[in-house]
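Reader: I have a model on screen and some labels to check. Take me through them.

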Amino acid sequence: MAKIKTKFVCQQCGYETARYMGKCPECGNWESFVEETINNESQQKNTRIILDTLPPTPINNIKIGEEIRIPTNISEFDRVLGGGLVQGSLVLIAGDPGIGKSTILLQSSNELCRQDKKVLYVSAEESASQIKLRADRLNISNNNLYIYPQTNFDSIKHQITTEKPDVVVIDSIQAIYSSDIQSSAGSVSQIRECCNALMQIAKQENITIIVIGHVTKEGNIAGPKILEHMVDTVIQFEGDKYKSYRILRAVKNRFGNTSEVGIFEMGEKGLKEVINPSELFLKEYQQSQATGSVIIVTNEGTRPMLVEIQALVGTTPYPTPRRVTNGVDLSRVLQILAVLEKRVGLNLSKQDVYVNVIGGIDIQEPAADLGIALAVATCARDVVIDPHTAIVGEVGLSGEIRAVNNIEKRIKEVQKLGFKKIIIPQSNNVEEKFDGIKIVKVGKIIEAITACITANN
Ligand code: TYD
Ligand code: MG
């Protein structure tokens with residue numbers, strides 16, 4: 001009898017080794033190795049498939065076909081996808097459990113069915129009646145929508161290839177297993193094998209496949225980062241489980257922009273698109289606000305948004321002061337604090353600093369720097385910034401304020417929401433006048449602080 005060969009696979013990054021290890025040399029996680037059986041049969045099968053594919057083509061003979069997009073008719077979702085689902089692509093939607101992944105995909109499936117597309121919804125986690133209950137709640141009923149509760153990958157593959165739907169939803173990749181692989185569902189080998197096979201089906205049959213993936217406690221897409229490399233598009237579904245808004249963000253997109261975000265509100269009847277996000281984020285903004293609260297205008301993707309940033313600065317009871325951030329990168333904040341100390345002379349060495357972005361949104365662009373700096377500086381000095389002022393600008397290491405992109409669009413958004421003043425970088429060279437809004441141009445961080453403080457006195 002042939003000896004069963006095994007290998008140890010890191011469940012976080014997919015690193016393989018012949019012997020057990022306590023710590024993964026690739027990703028540094030502890031106790032992440034699981035023993036899995038090596039299956040030669042499936043490897044042989046893969047080789048056969050590769051031989052079947054087309055031979056290499058000279059570049060001049062390749063015809064460019066316009067990619068066919070199927071809009072989901074949920075505008076926020078389409079925006080993140082880059083204008084709809086591309087036919088024959090594999091899309092991964094990742095997020096924490098309970099965030100609303102099944103809900104958005106059931107709602108999108110319904111919209112697709114209404115355009116006479118056939119959708120196969122493979123439910124590996126919930127029973128058909130559970131899905132039906134959710135569908136009733138969302139007012140969904142359509143004869144083109146097929147629910148298929150199944151965890152066995154071979155059966156799923158059979159259904160896809162015989163039924164030939166236009167779109168397939170797999171809810172979720174962690175719950176399905178292929179009998180070719182010995183390890184349990186959700187392990188790296190299973191996910192890799194199933195995802196690979198789904199990719200082949202998507203390309204060969206020209207079927208769009210959407211896969212749901214859960215996120216681990218550490219915030220990685222569960223199990224493998226490798227999943228991200230295998231699919232065409234990765235969309236992260238974020239948000240605070242205890243708040244009603246949810247944010248869709250493209251992390252990778254072979255067919256579109258990755259800086260777009262889509263915003264939804266979870267309600268009684270499922271997810272509703274938020275067409276005007278600034279209003280949502282400013283809903284709780286106190287006009288007679290406390291110190292350390294500023295409004296910045298961020299430009300996520302093609303749309304500007306007004307977001308509130310709060311900072312709290314106070315004397316530390318600890319030997320080393322604490323720096324805590326939520327929604328902005330900690331190292332970015334540390335850099336801004338260093339600039340404030342060196343270029344403005346603000347002493348923060350005995351102060352704890354907390355910076356929080358309101359609304360659960362993650363801000364990645366440096367145009368938020370000046371807002372963060374002013375929130376910290378005004379909180380440390382105990383002054384309130386005029387509540388009708390918005391702020392935008394990148395802070396350089398010598399304390400200079402650097403230009404940001406799409407400045408006109410940002411100013412228009414601020415103007416639309418009834419703000420009276422906007423602080424912008426001098427180097428943006430805005431000559432145009434905007435009705436009802438005063439534009440204050442600043443070249444140095446100290447000028448921005450003076451502009452805020454003097455306005456109040
Ligand atoms: P779900 O889509 O099941 O999340 P996931 O698939 O990401 O695990 O949604 C889970 C939450 O959404 C659940 O706590 C209930 C809530 N919800 C609503 O508030 N309204 C609704 O109409 C629906 C369908 C769900
Ligand atoms: Mg679910």
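Reader: In which hand does α9 pass α10?

Author: The crossing of α9 with α10 is right-handed. The term applies if the near helix is turned clockwise from the far one by less than a right angle, and left-handed if anticlockwise. This is a predicted model, where local features need pLDDT of at least 70, side-chain atom pairs count only at pLDDT 80 or more, and totals for chains, interfaces and linings use all residues. Residues are numbered from 1 along each chain as its sequence is written, and side-chain values use heavy atoms, with hydrogens and water left out.

Reader: Why is α9 called oblique to α10?

Author: Helix α9 (residues 330-344) and helix α10 (residues 369-381) pack at about 60°. Roughly parallel is under 35 degrees, roughly antiparallel over 145, roughly perpendicular 65 to 115, and the rest oblique. So α9 is oblique to α10.

Reader: What makes the pair Phe 237 and Phe 264 edge-to-face?

Author: Rings pair if their centres lie within 6.5 Å; planes under 30 degrees apart are stacked, over 60 edge-to-face, the rest tilted. Here the centres are 6.5 Å apart and the planes at 80°, so the pair of Phe 237 and Phe 264 is edge-to-face. Phe 237 lies in strand β11 and Phe 264 in strand β13, 27 residues apart.

Notes. Chains lettered and ligands numbered in written order. Axes fitted to C-alpha atoms, helices over the stretch in contact; angles between N-to-C directions. Helix = DSSP H or I, 4+ residues; strand = E, 2+ residues; numbered from the N terminus. Phe/Tyr/Trp six-rings, centres within 6.5 Å; stacked < 30°, edge-to-face > 60°.
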